[in-house]
Amino acid sequence: MKSSGLVKKIVGSKITVSMYKESACSHCSKCSDSAKIANDFTFVSNVDNIKIGDIITFEMEDNQVFKAAIIVYIIPLIFMFLTYFIASNIGLSEGECIGASFGGLIIAFIGIFFYDKFVVKNKMEKSVKIIEIEKR
């Protein structure tokens with residue numbers, strides 16, 4: 001997946017980029033530049049000639065993006081249905097099963113949060129390759 005953004009901070013080999021929104025309206029000049037910025041992304045770079053204010057195009061491995069999508073969209077649903085099924089099999093009422101399923105959903109999101117914070121962030125930083133640097 002290719003993305004582009006504005007280099008905001010460089011600390012050693014870590015670069016923080018304010019990513020541009022990847023939609024049809026992001027390339028229009030009708031709104032301000034701040035409305036075109038989605039969020040900040042930090043990654044490790046081995047390119048030396050990048051400076052703050054440069055616009056870079058970078059690429060993330062597709063399999064990393066696919067894994068992230070599965071984790072964020074599929075795992076919570078599995079937890080939700082699994083906790084409902086377990087609650088139903090231990091004899092809880094339907095309302096209690098629904099409450100348990102939402103509890104499972106919350107547990108899944110908490111697990112994903114910590115997994116993202118401690119595991120995925122390091123893997124994603126290393127799987128980014130800079131394709132193009134546009135000097136400002």
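**Notes for a first look at this structure**

1. Contact here means heavy atoms within 4.5 Å.

2. Please keep in mind that this is a predicted model, in which local features need pLDDT of at least 70, side-chain atom pairs count only at pLDDT 80 or more, and totals for chains, interfaces and linings use all residues. Residues are numbered from 1 along each chain as its sequence is written, and side-chain values use heavy atoms, with hydrogens and water left out.

3. Now the outline. The protein chain has three helices and five strands, and along the sequence they follow the pattern β-β-β-β-α-α-α-β. Helices (H or I, at least four residues) and strands (E, at least two) are DSSP runs, numbered from the N terminus.

4. How much of the chain is buried? Of its 136 residues, 27% count as buried. Buried means under 20% relative accessible area, exposed over 50%, and partly exposed in between (1.4 Å probe, protein chains only). The accessible surface of the protein chain comes to about 9,200 Å², and 63% of this belongs to carbon and sulfur atoms. Such areas come from the Shrake-Rupley method with a 1.4 Å probe; for residues, only the protein chains shown count as cover.

5. Next, follow the strand pairing, where two strands pair if DSSP finds at least two bridges between them. Strand β1 (residues 2–11) pairs with β2 in the antiparallel sense over six bridges, and V17 in β2 is the bridge partner of V7. The two strands form a hairpin with two residues between them, and G12 in the turn has a positive phi of about 65°.

6. β1 also pairs with strand β4 (residues 55–60), again antiparallel, over five bridges; here G5 stands opposite I56 in β4. From β4 the pairing carries on to strand β5 (residues 128–134): six bridges join these two antiparallel strands, with M60 opposite V128 in β5.

7. Why is strand β2 (residues 14–20) described as largely enclosed by the rest of the structure? Five of its seven residues are buried, so the description follows from that count. I15 lies in this strand and is buried, at 3% relative accessibility. Leaving aside neighbours within four places in sequence, I15 is in contact with V7, K9, I10, F41, T42, F43, S45, I50 and I130. One of these, S45, is 30 residues from I15 in sequence, yet the C-alpha to C-alpha distance is 6.7 Å.

8. On the surface, look for a nonpolar patch formed by F66, I70, V72, Y73, I74, I78, L82, F85, I86, I90 and L92, with about 1,100 Å² of accessible area together. The elements that give two or more residues to the patch are α1 (62–73) and α2 (75–89). L82 lies in helix α2 and is partly exposed, at 45% relative accessibility. Patches are made of residues with over 30% relative accessible area and no salt bridge; nonpolar side chains (Val, Leu, Ile, Met, Phe, Trp, Tyr) are joined within 5 Å, like charges within 9 Å. A salt bridge is a side-chain nitrogen of Lys or Arg within 4 Å of a carboxyl oxygen of Asp or Glu.

9. Finally, the structure holds one aromatic pair. The ring centres of F113 and F114 are 5.2 Å apart and the planes meet at 75°, so the pair is edge-to-face. Rings of Phe, Tyr and Trp (its six-membered ring) pair if their centres lie within 6.5 Å; planes under 30 degrees apart count as stacked, over 60 as edge-to-face and the rest as tilted. F113 is partly exposed at 48% relative accessible area, and F114 is partly exposed at 44%.
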